[in-house]
Amino acid sequence: VQLQASGGGLVQAGGSLRLSCAASGRTWRSYTMGWFRQAPGNERDFVAAITWTGDSTYYADSVKGRFTISRDNAKNTVYLQMNSLNPEDTAVYYCAAANSMRVSYSDLGLKEEYDYWGQGTLVTVSS
């Protein structure tokens, strides 16, 4: 599975961005997909995840109600719609894929459960 994240950029506080993660690989559609972010000097933190069917989603408390993860398996793409952005959302955002047969819902927030990672896209929110 290969992942390519895009859509980052500079936005003012209160604004919106939509990140995309293009996936390839014949088994991609069976993978649970997640977004993580890493600010300078910080650990890579969980943001959101979506199961391979798209039926279930999971969010970090810090983004609930502001971010929405979705997937379009026909387009081999996962999205992260980010609204009401604030400067604390500034980070490099990474998409990742986890084996749906192995990862449990309670572990979706653990980066160790993800097998494949994209290269990251930078989001900068100005105040």
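In which sense do strands E1 and E3 pair, and over how many bridges? In this predicted model, E1 and strand E3 (residues 17-24) run antiparallel to one another and are joined over 5 bridges. Strands here are DSSP runs (E, at least two residues), numbered from the N terminus, and two of them pair if DSSP finds at least two bridges between them. Within this pairing, Gln 4 sits opposite Ala 22 of E3.

The pair belongs to an open sheet of 4 strands, arranged in the order E1-E3-E8-E7 with antiparallel pairing. Strand E1 (2-6) and strand E7 (67-72) stand at the edges with a single partner strand each, so one side of each has no neighbour in the sheet. On average, neighbouring strands of the sheet are turned by 15° against each other, direction ignored; the axes behind such angles are lines fitted to C-alpha atoms, and angles between N-to-C directions run from 0 to 180 degrees.

The structure holds 1 disulfide, formed by Cys 21 and Cys 95 with their sulfur atoms 2.2 Å apart. Because Cys 21 lies in strand E3 and Cys 95 in strand E9 (residues 91-99), the pair ties together parts that are 74 residues apart in sequence. The link is right-handed, with 65° about the S-S bond. Are these two cysteines buried or exposed? Both Cys 21 and Cys 95 are buried, where buried means under 20% relative accessible area, exposed over 50% and partly exposed in between (1.4 Å probe, protein chains only).

Residues are numbered from 1 along each chain as its sequence is written, and side-chain values use heavy atoms, leaving out hydrogens and water. As the model is predicted, local features need pLDDT of at least 70 and side-chain atom pairs count only at pLDDT 80 or more, while totals for chains, interfaces and linings use all residues.

Notes
Disulfide = S-S within 2.5 Å.
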